[in-house]
Structure formats: structure tokens, C-alpha cells
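Here are some notes on the model for your review. Please read them with the structure open.

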Amino acid sequence: MRASRVVERLSAPALAVATLAVLGLMFFYPVGIVLVEAVRVDGVYTLATAVEVLRDPFYFGVVAQALDDPAVIVRSFPDYRLGLFGFTAYQALLSTVAAVLLGIPGAYVLARFEFPGRRTIRSLTALPFVMPTILVAIGFVATFGASGVVTGTLQALGLQVSSFTGTLGIIVLAHAFYDAPLVARITAASWEGIDAEMTETARSLGASPLRAFRDVVIPQLLPAILTGALLTFIFSFMSFAVVLALGGLSLATVEVWVYHRISQLDYGTASTLATMEMLFSLALTYAYLRYEARQRATGAARPPDRIDLFGPATKRRLFAWGYAVVAVVVFVVPIVSLVYSSVTGPEGFTLRNYRFLVERQTSAYAFQVKPLTAVTNSLVFGAGTLLLAVPMGVFLAVVSTRQFRGRKLIDTLSMAPFAVSGVVVGLGLLRGWVFGTEAFGYRFTATGAVAIVAAHAVGAYPFVTRNVAPALAGIDDSVVESARSLGASRARVMLDIELPLVVPAILAGTAFAFAISIGEFDSTVILATGGSGYTMPVAIERFIGRRLGPATAMGVVLLVVTGVSFVIIDRLGEGSGFGG
């Protein structure tokens, strides 16, 4: 009996260690490879490459110049050279401002107005978690590219417009498309928690509506707005697919340039840049987590009544309807343009783009993309991802709800993939496992397909954990205590009672994991280079610029698969970490 208690007490830590060991092979070791290669040249550890990058104006602009000549900061004011890192931060800042400006009015409409479909639209604000970034990119190409819907419409009106792609503005708008719903989701939740009596008290003391909003509402919304802004900055700083597809090397960010150096087989520079970016993103993520931990959501004693959107014209209703028009243009038109471009051509309506996907499978050369192979690979990799990500995510969710020494450390380590870009993970897996690692007199290698599944699982399992852990924590303790009092072991209670109760959360996490795998691009495009392990997002990227029609058709296929996953999330995820 005593031995069984010891085993039971050690089961959670042992489970955590085993899971972290697998995570070490798939994530920490590959990322470690990148860190080591950043400071090792020809077998010798040195900071020479890092110093060279820091002193190169191409990478750090005026900051690098100031290392040799501090007076350059005064002489060149205000026309500073940004450099690669400076431009990456600059476009992330612009994207953050755009996302906040677009997201806050959306939060206001969701929090303060009642209309049919409000809950559905609110659930759609979770879309950034599952929508593939390459899908956003191809949607904007189909809308604002040389053959885009908006471009064609403006040309038909007599305006001399060729294309909006290849501009900083279109990248910022695409990032706002992707991140504004996140800002709206976070801010709307905070807005709904503001007590109406506080605003009414301010009004009764003589404050105007504007003054009451400024002095009462805004201070309470500010933490949520800052949280959404910081997340948006992190996502935009680490953005890859959107910048690669819409800007290319002419508007390259750090992620895009790392990919370029990898394609040029310059792994030393790629590792150095990736390490510097990773350290910066980790610092930002740490700041976000510290800031979020200090915020405590509280329910309002009396939430404000929602306004019926359909009623007599007022300033508030006119504002809401005006925002609806803007939202349709920004959020709906790119997706509609994607579908429209896939079924149209010079001759009008046509299904030739979809026929191309089928015919290309048999006519393509070995070095060309085969569309059906891309679809098959995506589904197979998605299934493989579930086999890894779901057990890992559930195990870590169980561990996170146990009380034992070192639990917080394990929680932190298990969430580390959130702060590391897919490009870094892909580079590490390429260098560490695809190229091989020597140990114990043997060279251990993994195929590109295995590495891709590992990369997808690393990106997906945290979503399983974040869905399942809150559900486990919400189980009434009396249920567990009753089972234990009847003689059931802790493991038996978990298997027979707790896990069955959180099946909806597990299914929601599974849907998230599958959707993330299907749409993952950053690591996949690195690991699939030169091989046949390409997926639908990689196929879309390779078609863009050459064959927009097939690219949009493949995008529609990806949209359908992602949409089905999202419907599952919406149905099963209510009350879990990300769903609902």
C-alpha cells in the first residue's frame, strides 16, 4: 500500500519528465543547435559573427554606425537608417497601431450592441489562432495584386493602378486583418466587465458622456488594449509568410532574411540572426506574461445593457454601421476575393484552376509541386501531429493542475514554443535531425517528413494544454474526493472520471492542433525545401507570382479544411481555454 502511494505521488513528476524529454528532442535540442551555431565557427566558440552582425548597418542601421561614430546620431537626424532589425520593429509598430485602431471599434460593437449573429462574430475573433498566415497573404494578393479584385475595380473606374503588393502599407493592412480580431476579442471581454454604475455615477456628478468615457471607461480598458497591442507587436515582429508573399526581399524582415540566408546555405548568419530575434521575442513574451499576470479580470456588478443595433438612427448606431462597412472591406473582401479569383479567368467563370490541381498531379516534373500530393501530405502530417500533440498537451494539462515542487518551471518550459518562431524551430530541426546528429558512435537522422510532424506538434500541443487545463481545473473537488474515499487511486480517478469530463475540451484542443498543422508554413517551408514533403501552404507560396489562379484554388481547399476545423472548435470549445 505504501509503495502504491509512492508510485502515485511520483507519477505526475515522472509523466512531466517523460513529456519534457520528448519535447527536448523535438524543440529544446533543435533550438539549442541554432543557439550554438550562432557562436561557433569552424568548431571554435566565438562571438565574431554576432559582433559582425551588430556592427553591420545593413542589420542595425544607425545603431551599428554609432558604434564606430556616435556623432552619426546627431548628423543624420531625423533621417535614420533603420537596418533590418529596425525595419522589422518599425513595420511591427505600424501593424500594431493599425490593429488597435481597427480592433477597438470592433470591441465596442461586440460589447455594447445586440444583433443577430453577435455570438458567431465574437467566436470568429478567435480566427487568428487557426487561420494560416499564407491564406491571409494569398487573400490579399487576390484582392490587391496586379490581377486583384480591388485593383481591377479601380482600373475599371479609370484610375491608373497596377498593384498594391510589394508595399509596406499592404503588409501593415494584412497584419491588421490577422491581429485586429485578437485585439477586439481581448478588449471586448474587458469592456463587458465594466460596471455600468460607475459610468452612471460619473454622469450624475456632471460629467459629459465623453468625459465619463475618458475618465471611467478608458482607464479600465487600457490593460486589455495594451495586452492586445503587445501580442500584436510580437506576432507582427515574427511575421513570415505575410511579408514573404506580399513584400519579398525588397521589404524583408528578420524572419524573411533568415529564410533567404538558409536558401543560400549561409547557416552561420541565419543562426546568428535567428538567435538575436529569438532573444528579443523571448524578452517581449516575458514582458507580456509578467504584465498579464498582474491583470485580474473581474465580473461587473451590473454590466451595461446592450443597444439594439436595429433602431432609430443615432450617433452610436451610425458609428456601428460605419464600422461594419470598414470591417467588410478589410475582413470579408480578401476571403471573398480568394474564392472569386479561384473560379474566374479572362473568359469569365471557370473551374480550370481546380482542374489544373488535378491534372498537374500527373503531368508535373519531379521538381514541380504536385497539388494532390500537397493535400495528402497536409492531411498525413496533420494526423501525425495529433498522435504527438494531443497526448503531450493532455499530459502537460494534467501536470499543470497538480501541486508539486517544480510545477511552475515545467509550465514555463512547456509554453516556450509560444515565444519561438517556426523559422527558428525549422532551422534547428534541419540542422539537428535532418542533417543528423552524432552520438554514441552513431549518426542519428530523421527524414524531412518526421521533422515536419515534430515541428507541427511543437506548435500545436500548447493549444491542447491551454484548452484542457482550465477544464480540468474547473472540475468540482468533491467529485474527486468522493471517488478517492471509495478507494480509487489518483490515476484511476483521472482515467475514469476527470478525463471523460473534459472530453469536449480535448476535442477542441484536437481541432486546434489539426488546424494549426494544416496551416503551418514557417517551419514547413524550410524542412520541405528540395524534397517532396511540401504541404498546401507551401504549394500556395510556390504558386504565388506564377499562377495566381491555382494558388487561389489551393487556398480555397486550405480554407475549407481550416473552416471545418474551426466549426469543430466553435462547437466544442465553449468554456475552454481558447474556444467559444
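**Notes on burial and aromatic pairs**

1. This model is predicted. Start with helix H25, where Met 536, Pro 537, Val 538, Ala 539, Ile 540 and Phe 543 are buried. Helix H25 spans residues 536–543 and is mostly covered, with six of its eight residues buried.

2. Look next at Ser 337. This residue is placed in helix H15, residues 315–342. Its relative accessible area is 3%, so Ser 337 counts as buried. Beyond neighbours within four places in sequence, Ser 337 is in contact with Ala 142, Thr 143 and Val 149.

3. Now the rings. The whole structure holds 21 aromatic pairs. One of them joins Tyr 108 and Phe 319, edge-to-face, with 5.8 Å centre to centre and 70° between the planes. This pair links distant parts of the chain: Tyr 108 belongs to helix H5 (residues 83–112) and Phe 319 to helix H15, 211 residues apart. Tyr 108 has 13% relative accessibility and therefore counts as buried. Phe 319, at 40% relative accessible area, is partly exposed.

4. Phe 233 and Phe 237 make a stacked pair, 6.2 Å centre to centre and 25° between the planes. Both lie in helix H11 (residues 209–237), four residues apart, about one turn of the helix. In an α-helix there are 3.6 residues a turn, so residues three or four places apart point the same way. Both Phe 233 and Phe 237 are buried.

5. Two further ring features. Phe 140, Phe 144, Phe 164, Phe 177 and Phe 331 form one aromatic cluster. Elsewhere, the charged end of Arg 431 sits over the ring of Tyr 267, 4.2 Å from the ring centre.

Definitions and conventions:
Residues are numbered from 1 along each chain as its sequence is written. This is a predicted model: local features need pLDDT of at least 70, side-chain atom pairs count only at pLDDT 80 or more; totals for chains, interfaces and linings use all residues. Side-chain values use heavy atoms; hydrogens and water are left out. Helices (H or I, at least four residues) and strands (E, at least two) are DSSP runs, numbered from the N terminus. Buried means under 20% relative accessible area, exposed over 50%, partly exposed in between (1.4 Å probe, protein chains only). Contact means heavy atoms within 4.5 Å. Rings of Phe, Tyr and Trp (its six-membered ring) pair if their centres lie within 6.5 Å; planes under 30 degrees apart count as stacked, over 60 as edge-to-face and the rest as tilted. A charge sits over a ring if NZ of Lys or CZ of Arg is within 6 Å of the ring centre and within 35 degrees of the ring normal.
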